[in-house]
Every structure is written in structure tokens, then in C-alpha cells.
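Here is a short briefing to read alongside the coordinates. Have the viewer open and follow along.

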Amino acid sequence: MARGKANDLRSRRIALFIAAACAAVAIPALVVLSSVSKHRSSPWFGSYDSAARPAYDFSLIDQDGKPLRLSDLRGHIVLVSFGFTRCPNICPATLGNLAAVFRKLPPEAQEKVDVVFISVDERDTPESLKEYVPFFNSNFFGLTGRPADIGATARAYGASFRKAPAVGEDKSDYTIDHSTYTHLIDPEGNMRLLYRFDQLPETGRIADDIQRLLGLPVNTPPPTVQ
Amino acid sequence: MKTCFFALVLAGGVACAGELKIDDPWIRAVPPGSKATAAFMTLSNSGSEVVEVTGGATPVALEVKPMITTKSKVDGHDVMGMEFVDRFSVEPGKKRVLEPGGDHIMLMKLKSVPKAGEVVALTIHLESQGKTETRTLQVPVR
């Protein structure tokens, strides 16, 4: 009888140990799995900046030669990309895709979206930007500024650039290597979403992100949370 | 391949670049005042020898050169850039897609800026086994 009780106690201890061991493995596994599924079920196509930190309030010059701060655009979604007007491939591809995103938006969303192209090229002027940027969409506009202000803006947005060596005789005929991300700033002025260059052809999904942020109906429903 | 072989025997050697197919060429419409634009296309080599694109010519630009897109890091951030190359190689049996954001043929020192809807003549210079060939395409601008 006493022996039976001891056995009973021992098997209960073993059962408890197994249960604890299972929990030790299962709980972290569940945490990992749930974070993966949370990641998968993110309603956003762009990378989501959950910290919602305020975007750097740049102070630049617009294509009409007037000063413009990011905070002047409060209340609008602002899509920011960096480039230069002598850029024949990457920048036209970026702005061409953003123009396609813009066309997909209903008028009530279009009037709340600004697409700005910040030149990282000291050769660019308000005039050269005005000839280049609105070509892709008449609502888009280019920004230039003092090199120090451009540098500070690029640094704050995690964008980089450098002059590539000139190829021919003409040393002023150089191109610029630059970051190709598009940053989405929400109407409250927070960094919200980031698009890689290779995501930009998915114009419908970017339009959906914008409409969702503006509280407008979207074309594709968000993935259902498992 | 076969035609190429016979041609070699009969003519004492002609380029095999004829086995390179060029599909879906287009030129990007760029803003007025632009100094350069890019041409894109798909190159397919059905032959048994490497075919190379060495450059080209067009009435709308002074220079036509192959260019690749490069990816590198500056201050730990990814950046993209462009670099001229002497030639694009298309390996036998392979395809090489020239597309936005990737490799392209640069039209530089534009004499006139191609507008959307126009068609521009673009001659592509090909080389295979030391033999050269040119191919003139009628390329839509869009």
C-alpha cells in the first residue's frame, strides 16, 4: 500500500515533468509561430514601422523656388523618394510606378497624397526638377535645397548617395548611386511604411495601403488573422 | 546552329549572331530636356555560341552603350547605380532580359527626346566569335 502510494507519486512527478518539458518547448514555439502568423497577416504591403516615429521635418526648396517643410504637408500622406533628374532608369521607373499608384486612387484619396522627389544632385535646380518630376504626374513635385539640408534629410530617412566616377572626358557628366526606397509618411507626420524598389510595380497593393491609411475602402481585403 | 555551320563552311565564316532573337524592345519616354534615356528588350540566344551586344546607334542620340545596374552599400545602406560595360553576353540557350531597374541600353547625348507613342529606329551591334552584325529595330517609345 505504502509502496503503491510512492509509485503513484513518482508517476505523477514524471507526468508533471513531461508536462513542464512540453510547455518549455511548446510555449516558445507558439510565440514564434504566432509572431510569424502576425507578420503574415499584416494588412500592410509596405514594411510597417510600428514605432510610428515622427519623420524628420525637412526644410527644402520646391520646384517653384519656394521653401517647403514636411510639416507644411501635414494632413496628407507623403511619398518620398530620392534621386536626380539625369537618372534615366531607376528614377523614371520609381516615378512611373508611383504615377500608376496615383492613378489607381479615387479622387478623394488623390487630393490627400503628395509625391515628392528629393534631388541628391547639386546640378539640379528648381527649374530642372519642374521639367522632370511633373512629367510623370502633374501633381508630383521635386525638392532641392542646400547640400547640408539635403544631406541631413537623406541621413534622417536612412537614404545614402554618392557620385559615381565620370566615364567620359567631361567630368561634370557623372551619375549618382543612390538609395531606391520610397518612404510613406502618414497624415500625422509619422514614418509609417517603406517600399523597396522591387515592390513598386505592385501598384494596386500600394494604393490599398494608402486607402487603408486614409480610412477609405480598399480593393483587396486584408488577410484574415488565423 | 545548323544554318550557322553551313554558312561558316560556304561563306568561310559569317557571324552566328543571327541566332540571337530580340523581343519586346521599348524605349522609355523621358521628360523634355533629358540628356539620356534607356532601351529595354529581351535577348534570347538559340545558337550554340555566345552572342554579345557591343553597342548600337540611333538617329535620336549620339551614343548608344550597354549599361548594367549595380547594387552596393554606402554607410551601410543599399544604393543602386549604373555602370557602362563594353558588352552584354548572352550565353547559348539563355535569355537576358533588359528591364527597368536592371540592365539596359543607354541612349546618351540625346539629339531629340523620344516622346511616348513615337517609334525610333535603334540599331544594335552584335558580335559572335569575332564576327559582327547589326540589327535595326523599330522601337516604340512608352
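Is the crossing of H2(A) and H6(A) left-handed or right-handed? The crossing of these two helices, H2(A) and H6(A), is right-handed, where right-handed means that the near helix is turned clockwise from the far one by less than a right angle, and left-handed anticlockwise. Please keep in mind that this is a predicted model, in which local features need pLDDT of at least 70 and side-chain atom pairs count only at pLDDT 80 or more, while totals for chains, interfaces and linings use all residues. Residues are numbered from 1 along each chain as its sequence is written, and chains are lettered from A and ligands numbered from 1 in the order in which they are written.

**Chain A overall**
- Chain A has six helices and ten strands; these are DSSP runs numbered from the N terminus, helices being H or I with at least four residues and strands E with at least two.
- Of its 226 residues, 34% are buried (20 or more other C-beta atoms within 10 Å of the residue's own; exposed is 12 or fewer, partly exposed in between, with C-beta atoms placed from the backbone).
- Among contacts in chain A between residues at least 6 apart in sequence, 68% join residues at least 24 apart; a contact has the two C-beta atoms, placed from the backbone, within 7 Å.

**The H2–H6 pair**
- The axes of H2(A) and helix H6 (residues 203–213) of chain A come within 8 Å and cross at roughly 55° (axes are lines fitted to C-alpha atoms, for helices over the stretch in contact, and angles run from 0 to 180 degrees between N-to-C directions).
- That angle makes H2(A) oblique to H6(A), a class for what is left after under 35 degrees (roughly parallel), over 145 (roughly antiparallel) and 65 to 115 (roughly perpendicular).
- On the H2(A) side, A:Asn97, A:Ala100, A:Val101 and A:Lys104 meet A:Thr203, A:Gly204, A:Ile206 and A:Ala207 of H6(A).
- By class, this contact of H2(A) with H6(A) has four nonpolar, three polar and one charged residues (nonpolar: Ala, Val, Leu, Ile, Met, Phe, Trp, Tyr, Cys and Pro; charged: Asp, Glu, Lys and Arg; polar: the others, Gly among them).

**Helix H4 and A:Leu129**
- In H4(A), A:Ser128, A:Leu129, A:Tyr132, A:Val133, A:Phe135 and A:Phe136 are buried.
- They cover an arc of only 150° around the axis, so they sit on the same side of H4(A); the arc is that of the directions from the helix axis to the C-beta atoms.
- The cover over the buried residues of H4(A) includes H2, S5 and strand S6 (141–144) of chain A.
- A:Leu129 counts as buried because it has 26 C-beta neighbours inside 10 Å.
- Beyond its neighbours within four places in sequence, A:Leu129 is in contact with A:Gln63, A:Thr85, A:Ser119, A:Asp124, A:Gly142 and A:Thr144.

**Helix H5**
- A:Ile150, A:Thr153 and A:Ala154 are buried in helix H5 (residues 147–156) of chain A.
- Their arc around the axis is only 95°, which puts them on the same side of H5(A).
- Just after H5(A), A:Gly158 takes a positive phi of about 70°.

**Where chain A meets chain B**
- 22 residues of chain A are in contact with 24 residues of chain B.
- H2 (90–104), H4 (126–136), S7 (161–163) and S8 (176–178) of chain A each supply at least two residues of the side that touches chain B.
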